[in-house]
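Good morning, colleagues. I shall take a few minutes to walk through one model, and I would ask you to keep the sequence and the coordinates in view as I speak.

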Amino acid sequence: MVLIVEFEIETPILRRVSDAVSRIDVEEIFYSAAGETKLIFWTDGEDLEGVDDALGDDETVSEFTLLEATGDRRLYSGTLSERGEKHLTYPTAAEYDIAYLDVTVTKGTRIRARVPTREALFAYRDACRERDIPFRIERIFSESTQSGDRYEITDRQREALLIALEEGYFDVPRETTLSAVAAKLDISDQALSARLRRGQANLLRNTLRERAPS
């Protein structure tokens with residue numbers, strides 16, 4: 001039975017930055033062509049001018065780039081340092097086919113994930129604890145009884161997909177551009193592209209895969 005699990009872990013990744021802002025939302029985790037781990041993330045807070053200093057002081061980040069600034073939010077691309085890589089649990093999650101759906105950093109790192117089995121969840125939990133990474137489960141429920149979107153679409157992904165659809169971004173030929181849709185959402189092209197990819201991946205995973213022949 002596929003599970004939706006909400007849990008919290010404690011790692012030093014972006015911890016220095018989280019002290020300078022009210023919230024960090026990780027949009028995407030991926031590997032560069034050089035094999036480095038990169039994060040695309042939003043920061044929220046009133047004193048965003050201090051975020052660059054915090055990133056410069058954060059020992060888990062080797063380099064960063066400001067991608068977008070809008071209102072009280074900023075979008076960054078960050079490359080993890082060797083220390084950050086050491087505490088990253090994303091590869092362990094992938095090993096057990098656990099898919100991160102939402103990652104939010106405040107006082108701790110809260111993760112909402114799609115987990116194939118309870119055995120996979122406990123294996124991931126044990127792997128975290130073996131690395132001295134505190135792990136605490138907050139909620140577990142089956143995918144079929146999930147109170148939220150059955151396709152695991154976040155509110156931001158849903159909004160981006162619907163606006164892109166309504167504006168004709170998915171039409172052939174296209175009736176609008178990525179930049180035009182991004183402008184409507186007041187985010188960068190890169191942030192919108194990542195949001196659309198993750199939303200589409202969730203839709204495909206929960207529609208086509210469910211109907212795949214055995």
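**Charged pairs, strands and cores**

At 53% relative accessibility, Lys 184 counts as exposed, where exposed means over 50% relative accessible area, buried under 20%, and partly exposed in between, with a 1.4 Å probe and protein chains only. Before I continue, a word on conventions: this is a predicted model, in which local features need pLDDT of at least 70 and side-chain atom pairs count only at pLDDT 80 or more, while totals for chains, interfaces and linings use all residues. Residues are numbered from 1 along each chain as its sequence is written, and side-chain values use heavy atoms, with hydrogens and water left out.

Lys 184 forms a salt bridge with Glu 167, with 3.9 Å between the closest N and O atoms. This pair links distant parts of the chain, 17 residues apart: Lys 184 is in helix H7 (residues 178-185), and Glu 167 is in the loop between helix H6 (155-166) and H7. Glu 167 itself is partly exposed, at a relative accessible area of 31%. By salt bridge I mean a side-chain nitrogen of Lys or Arg within 4 Å of a carboxyl oxygen of Asp or Glu. Helices (H or I, at least four residues) and strands (E, at least two) are DSSP runs, numbered from the N terminus.

How many salt bridges does the structure hold? The count is 17. One of them joins Arg 136 to Glu 8, the closest N and O atoms being 2.8 Å apart. Arg 136 belongs to strand S8 (residues 135-142) and Glu 8 to strand S1 (residues 3-9), so this pair ties together parts that are 128 residues apart in sequence. The two partners fall into separate classes of accessibility: Arg 136 is partly exposed at 41%, whereas Glu 8 is buried at 10%. Arg 136 also forms a salt bridge with Glu 138, with the closest N and O atoms 3.8 Å apart; Glu 138 is partly exposed, with a relative accessible area of 32%. Elsewhere, a network of salt bridges links Arg 23, Asp 25, Asp 44, Arg 73 and Arg 156.

I turn now to strand S1. Of its 7 residues, 7 are buried. Leu 3, Val 5, Phe 7 and Ile 9 point one way from S1, and Ile 4, Glu 6 and Glu 8 point the other way. In a regular strand the side chains alternate between the two faces of the sheet. S1 pairs in the antiparallel sense with S7 over 7 bridges, and with S8, likewise antiparallel, over 7 bridges; two strands pair if DSSP finds at least two bridges between them. Ile 4 stands opposite Arg 114 in S7. Which residue in S8 is the bridge partner of Glu 8? It is Arg 136, the residue that also forms a salt bridge with Glu 8.

Next, the interior. A nonpolar core here is a set of buried Ala, Val, Leu, Ile, Met, Phe, Trp, Tyr and Cys residues joined through side-chain atoms within 4.5 Å. The largest such core has 34 residues, of which Phe 7, Leu 14, Tyr 100 and Tyr 124 touch the most other members. Elements giving two or more residues to this core include S1, strand S2 (23-31), strand S6 (99-105) and helix H5 (118-130). Apart from it lies another core, of 16 residues, among them Trp 42, Leu 75, Leu 185 and Leu 192.

As for helix packing, the axes of H6 and helix H8 (residues 189-206) come within 9 Å and cross at roughly 100 degrees. The axes are lines fitted to C-alpha atoms over the stretch in contact, with angles running from 0 to 180 degrees between N-to-C directions. H6 and H8 are therefore roughly perpendicular to each other, a class that spans 65 to 115 degrees, with under 35 counted as roughly parallel, over 145 as roughly antiparallel and the rest as oblique.

Finally, some backbone details. A cis peptide bond, with omega about 0 degrees, joins Val 172 and Pro 173, and Pro 173 lies in the loop between H6 and H7. Asp 97, although not a glycine, has a positive phi of about 60 degrees; this residue is in the loop between helix H4 (90-95) and S6 and is exposed at 62% relative accessibility. Most residues other than glycine have a negative phi, and most peptide bonds are trans.
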